[in-house]
Amino acid sequence: MQKLVYIALGTALIAASCNKQITSTKNIEAKDNQTFADLDQARIKHLSLDIETDFKTQQIKGSATYTFENKNAKQLILDTEKLTIDSVLLANGQKTTYQLGEKDSIKGQALIIDVTQKDTIVKVFYKTSPDANALQWLNPQQTHDKKHPFLLSQGQAILTRSWIPIQDTPSVRVTYDAKVKTPKELMALMSAINPKEKSVDGTYTFDMPQPIAPYLIALAVGDVNYQPIDNRTGVYAEPGLLKAAAWEFAEMGKMVTAAEKLYGTYPWEQFDVLVLPPSFPFGGMENPRLTFATPTAIVGDRSMTNLIAHELAHSWSGNLVTNSTWDDFWVNEGFTVYFERRIMEELEGKDYADMISVIGFQDLETSMRNIPEKYTSLKVDMKGANPDDAFSDVPYDKGYLFLKMLEDKYGREKFDPFLKQYFSSHAFQTMTTEKFVDYLKENLTNGDDSFVQEWIYNTGWPKDLKKPTSTLFDLAEAQLKQDIQNGRAKVTPKKIEISTKSTNEWVHFIRQIDPKKNTKGDLAYLDAIYDFTNSKNPEIECAWYEKAFLMHYDKVNTNAKEFLVHVGRRKFLEPLYLALKESNQIELAKDIYKDARPNYHFVARQTIDSMLNYKP
């Protein structure tokens, strides 16, 4: 990601020690240097796809037709990555000339199409590479039911260009329609109006009537069924997982109602969730109308449904009001985390919201220790970098803490109407940090921006940070202290079911184990009580295996390897491989990773390859 270029007169970039300081101006427009497109000349408005999924060759083949706004352009420039372009037609069916630009290690290649100043429609025939970065082709053994293959896409941040030639920047919004041909035993789904049953011949049509950013165009193909929750929410999953998924996410309808009560009408008509195979690299992806979700959120007690609340919140912050470039990623995620916790407070009470705030803060502390300092500010400079390089908990939880500070400072009676108006007045628009600061000064702070430099542009921790707390976690800490004392006093361990506490409480309980103060004997005693090593709750497994790796409690190694081979969620992979690396078990890490890597999505492989200096 390269630095933003602001074209409003008077914008200045001023160095302040190690920190950035940016003087904001009104009506700022941002140029996204992660795209080859010249948006001042030609901007896509509508996309029509006609594609077929070929599981044998692991390719998508077909055509993309673009309706674009032409401002006297002689070229339409699209982003591509590893695509094969077969031909390009104009609206009259005549072929036109085109060329692929030089390869860029981050941005891929420009597809430069020759047009006249009167052209507004172009059709591109193309096919994807079998190793397209956005696509993951899974064999039956990599799915839950192990009967049929599965295909999923993941476009964020700049991967959509690897399966669709597109102006791949969040500053562009497009409506789209699609025709997708699949094997007839499988169902195709997209971030659009979706079918509820399989078609007879494997042909599906889609329509997305609201304009969305290209990273939100999503496709999944697999053996899935649908179960409604209410008249506007429901769950898709493989048949063997559908019942458990529908039970786990049964509060989805109430979540939508709670969200609307806070910040206005849900803008996308339908909110469905597709539970993907375990290799999906994220907890969830907020594709409009069809959130993609990890099966690791299905823990049997509905305690991890804040993940669904997070993706629902993105319906406003991210999908409705979108970061203009990835330098402003916190504008999507910080708002979403704040909104997520307000939804969960409404549904589950303050104690629950406090718990997930503390868990988030703990994750933020880990990120602040381990990422480059330049990425510890909310507004970042991605010049010469991939947006994934800056991915951490900073835009999420530091962004949340900034908004929570504003809430505490001005009170919910002012802050809630401010956010509701912010979403409605910027609906289907893009947002930069500077535009938000201007809006904040005009509509909430009466011109006060004294905290903006400290919270948004400075790296490190803000001086006036208020650390979140949880009374339930205080009780969990007391329980751990008592258990450790009992173990060292040789009190016979009495087995206790982990259902006595929520998942969040157990995660915090385990996180308080200190490798510098506690021993492998302490771990063995806790294991004898709670049987953490054999837990089937992914959140507990990750927390426990991390401590076990750091302390060389080798009893977990077999189960931990199975977990790492089976689950591809990057949130779990990073701390576990890092724990092995930091505990001088790099060979064990590489041995596990060699077997696990084929099951991971590109974005997860990219992260762990770098961490372990692994050369496939």
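Trainee: Which three strands form an open sheet with antiparallel pairing, and in what order do they stand?
Mentor: The strands β7, β10 and β9 form that open sheet, in the order β7-β10-β9, and their pairing is antiparallel. Strands here are DSSP runs of E with at least two residues, helices are runs of H or I with at least four residues, and both are numbered from the N terminus. Two strands count as paired if DSSP finds at least two bridges between them. Please keep in mind that this is a predicted model, in which local features need pLDDT of at least 70 and side-chain atom pairs count only at pLDDT 80 or more, while totals for chains, interfaces and linings use all residues. Residues are numbered from 1 along each chain as its sequence is written, and side-chain values use heavy atoms, with hydrogens and water left out.

Trainee: How do you know that β9 and β10 are paired?
Mentor: DSSP must find at least two bridges, and β9 and β10 (residues 109–114) are joined in the antiparallel sense by three bridges, so by that definition they are paired.

Trainee: What makes β7 and β9 the edge strands?
Mentor: Both β7 (75–80) and β9 (98–100) pair on one side only. As for β10, five of its six residues are buried, where buried means under 20% relative accessible area, exposed means over 50%, and partly exposed lies in between, using a 1.4 Å probe and protein chains only.

Trainee: Which strands form the open sheet with mixed pairing?
Mentor: Six strands form that sheet, in the order β8-β11-β6-β5-β14-β16. Its edges are β8 (84–90) and β16 (203–212), and because each has a single partner strand, one side of each is left without a neighbour in the sheet. Strand β14 (residues 174–181) pairs with β16 in the antiparallel sense over seven bridges, and Lys181 stands opposite Thr203 in β16.

Trainee: Why is His310 called buried?
Mentor: His310 has 10% relative accessibility, so it counts as buried. This residue lies in helix α3 (residues 306–313). Leaving aside neighbours within four places in sequence, the contacts of His310 include Glu333 and Tyr396, where contact means heavy atoms within 4.5 Å.

Trainee: Is Glu333 buried or exposed?
Mentor: Glu333 is at 2% relative accessibility and therefore counts as buried. Helix α4 (residues 329–348) holds Glu333, and, with neighbours within four places in sequence left aside, Glu333 is in contact with Glu286, His310, His314, Pro395 and Tyr396.

Trainee: What else does the "binding site" annotation cover?
Mentor: In the unreviewed UniProt entry, another "binding site" annotation covers residues including Pro281, Phe282, Arg569 and Arg570. Pro281 is found in the loop between β20 (271–275) and β21 (284–285), and Phe282 also has its place in the loop between β20 and β21.

Trainee: How do you know that Pro281 and Phe282 are buried?
Mentor: Pro281 counts as buried because its relative accessibility is 1%, and Phe282 counts as buried because its relative accessibility is 12%. Not counting residues up to four places away in sequence, Pro281 touches residues including Arg569 and Arg570, while Phe282 touches Gln154, Thr294, Phe391, Arg569, Arg570 and Val603.

Trainee: Which residues have the most contacts inside the largest nonpolar core?
Mentor: They are Trp163, Met190, Phe402 and Tyr577, in a core of 197 residues. A nonpolar core is a set of buried Ala, Val, Leu, Ile, Met, Phe, Trp, Tyr and Cys residues joined through side-chain atoms within 4.5 Å.

Terms used. UniProt positions renumbered as here; feature names shortened; annotations may be inferred.
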